[in-house]
Amino acid sequence: MNIDKDLVAASATPLVLAILSEGESYGYAIIKRVADLSGGELQWTDGMLYPLLHRLERNGLVEAFWSRSESGRDRKYYRLTRSGAKHLDRHRRQWQVVDRAMRGIWRMAIDPAARLIWPTLTWRGAIP
Amino acid sequence: MTNKATLEERIGQWRQYLRRRQAIHSADVEELEDHLRSQIEALRGAGLDEDEAFLVAVKRLGDLDSVAREFANEYSERLWKQLVGYPESGAPSLTRPRDAAVAVGLAIAAAVAFKIPELFGLRFLKPSADTEFYLRNLGLFVLPFLAVFFALKRGLHRAGWVRLAVPFAAAALLANIFPFKSESHTEVLVAIHLPIALWLAVCYAYAGGRWRLHEKRMNYVRFSGEWFIYYTLIALGGGALTGLTTFIFEAIGLDAERALVGWILPCGALGAVVIAAWLVEHKQSVIENMAPVLTWLFTPLFTALLLVFVAAMIWTGNAIKVDREVLIGFDLLLVVVLGLLLYAVSARDSQAPPGRFDVLQLLLVTSALIVDVLALWAMAVRISEFGFTPNRTAALGLNLLLLANLTWSAVLYARFLAGRVPFARLERWQTAYLPAFAAWAWFVTAFFPVIFNYQ
């Protein structure tokens, strides 16, 4: 499936920050993680990750350091800063709102029966 | 040749190709190469041979032109020297000779503009010189042409031209409507502040109308610093030229002074403003290396001066003697410190970690602040005794403006050194502060004469 460019761009920053919140990482590993998480559906142009990482670094959301990798090459690692963690938190809350709204409308739009059930379910707290 | 060797060779070529991009520095190339190699290893592990793995890995990395463009967006300052200078290879260069012609044409236009008032009987030379008229309008003789130069160069849209014209029209009005008394102080203040106000208005043309962008403003700050260096160099050459001219014409019994002072000096000085701007744009990389060197040279010297000064004050117990020039002198000091700071900030790689030079910079700013607070204290006493004069108020206003800028700069610098904020914050603070200077310069020009009754 081809995911819309704007959507990829909008989700790139929170995705990278979230992956780095799991621990320090480097470009190639981040790309692989994104592919794993999306079951290979979310394909980035690998080269585009780096300008993004550098922008996050410049804005102080992540910090970078060079270290020797297990393969013996010098490698640039990135880790989340405190301000990055705060930023990620903000992103998460925003995406949750979007996600909730989307899920609501999908159900209505796809399954007319849900129009009846939906209010009951949310009222009961069955759906967050 | 083995496959392994071929692969290395291909990666080498790929690296070379990437290196030619100005926006991608060698550390970034290294990072991308690590990515490429990781990808190749993974693909090899999945059973592809070296050739296939290389091709797939390169393909996944994406079109290098778009990657380079993305880097360029992120690092506009890296492209700064390539914007107008000689491109490394093959890019169209048709604009360059035209640029030169435009710059020379506008420089001549500035010189002509300076001579036009003579036609209306406003003499520049003694006797009966209208010196005040020329002083007040000095900026208006040349800065409109500088603005036009950039507007043409950046291809400003039509609405932009109109917006650009507004400050210049306002300046022409303000410079000439006030009924100044003779030997008026506010008149001198207008003459000083108007060029500064207009210089900041040129930023609009320089940024191609997008003056709100942080990067554009930072580039304008860089440009201003480098323009200053170029102009000083041209002025030195011009000084030598005029000195020699006087000398050799004297040798054959002709007095060249009138021609020099009336024509060559003012016209040359005004034309050189545009020429220096063109040179900065055109020969970027020559000076670009000079601004940081000058900063590195003078930051320690000024820091030492200020520290010794504070030590001397403490040692002798002498307070700052307050007379007329004191506050202006300290204003100049702060301007120099701010200039050094701006040079250092604009030349610095904002990604680099805090270093020794940053500590020195903070020391410079802090010591300047201490000295200035002492001077302000002395000044406050005097003002409370003798009241506000135009000069004192202007000097005080500028001093407070600079003080606010430098204080927050020092705070940001300290926090940057402590690893609390990225360096970009300091850059942004400086560019965000530019409108404050513009506002003050316009305020003094527009309101001081009225407030102080044209004295």
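## Arg425 in helix α18 of chain B

In this predicted model, Arg425(B) lies in helix α18 of chain B, a helix that spans residues 424-451.

## Two crossing helices in chain B

Helix α14 (residues 290-316) and helix α16 (residues 356-386) of chain B cross at roughly 40°, with axes that come within 9 Å of each other. The crossing of α14(B) with α16(B) is left-handed.

On the side of α14(B), the residues that meet the partner helix are Thr299(B), Pro300(B), Phe302(B), Thr303(B), Leu306(B), Leu307(B), Phe309(B) and Val310(B). They face Leu360(B), Gln361(B), Leu363(B), Leu364(B), Ser367(B), Ala368(B), Ile370(B) and Val371(B) of α16(B). How many of the residues in this contact are nonpolar, polar or charged? The contact of α14(B) with α16(B) comprises 12 nonpolar and 4 polar residues, and no charged ones.

## The overall build of chain A

Chain A contains 5 helices and 3 strands. Along the sequence of chain A, these elements follow the pattern α-β-α-α-β-β-α-α.

Chain A has 128 residues, of which 23% count as buried. Among the contacts in chain A with a separation of 6 or more, 46% are made by residues 24 or more positions apart.

## The sheet of chain A

The 3 strands of chain A form an open, antiparallel sheet in the order β1-β3-β2. Strands β1 and β2 of chain A are at the edges and have a single partner strand each, so one side of each is left without a neighbour in the sheet. Helix α3 (residues 49-58) of chain A packs on this sheet, where it touches β2 and β3 of chain A. The direction of this helix makes about 115° with that of β2(A).

The individual pairings can be followed residue by residue. Strand β1 (residues 25-26) and strand β3 (residues 74-80) of chain A are antiparallel and are joined over 2 bridges. Here Ser25(A) stands opposite Tyr78(A), and Tyr26(A) stands opposite Tyr77(A). Strand β2 (residues 62-68) of chain A also runs antiparallel to β3(A), with 7 bridges between them. In this pairing, Phe65(A) has Tyr77(A) as its bridge partner, while Ser67(A) is partnered by Arg75(A). β2(A) and β3(A) form a hairpin with 5 residues between them, and Gly72(A) in the turn has a positive phi of about 95°.

## Where the two chains meet

The contact between the chains draws 21 residues from chain B and 18 residues from chain A. Which helices of chain B each supply at least two residues of the side that touches chain A? They are α2 (26-45), α3 (50-61) and α4 (64-74) of chain B. Of these, α2(B) gives the most, with 9 residues. By class, the side of chain B that touches chain A consists of 7 nonpolar, 6 polar and 8 charged residues.

## Helix α4 of chain B

Val67(B), Glu70(B) and Phe71(B) are buried in α4(B). These residues lie on the same side of α4(B) because they cover an arc of only 100° around the axis.

What covers the buried residues of α4(B) includes elements of both chains, namely α3 of chain A and α2 of chain B. The face of α4(B) turned away from the buried side carries Asp65(B) and Ser66(B), which are exposed.

Key. Residues numbered from 1 in each chain as written. Chains lettered and ligands numbered in written order. Predicted model: local features only at pLDDT ≥ 70, side-chain atom pairs only at ≥ 80, totals over all residues. Contact = placed C-beta atoms within 7 Å. Helix = DSSP H or I, 4+ residues; strand = E, 2+ residues; numbered from the N terminus. Nonpolar A, V, L, I, M, F, W, Y, C, P; charged D, E, K, R; others polar. Buried ≥ 20, exposed ≤ 12 C-beta atoms within 10 Å, placed from the backbone. Axes fitted to C-alpha atoms, helices over the stretch in contact; angles between N-to-C directions. Left-handed = near helix turned anticlockwise from the far one by under 90°. Pairing = 2+ DSSP bridges. Arc of directions from axis to C-beta.
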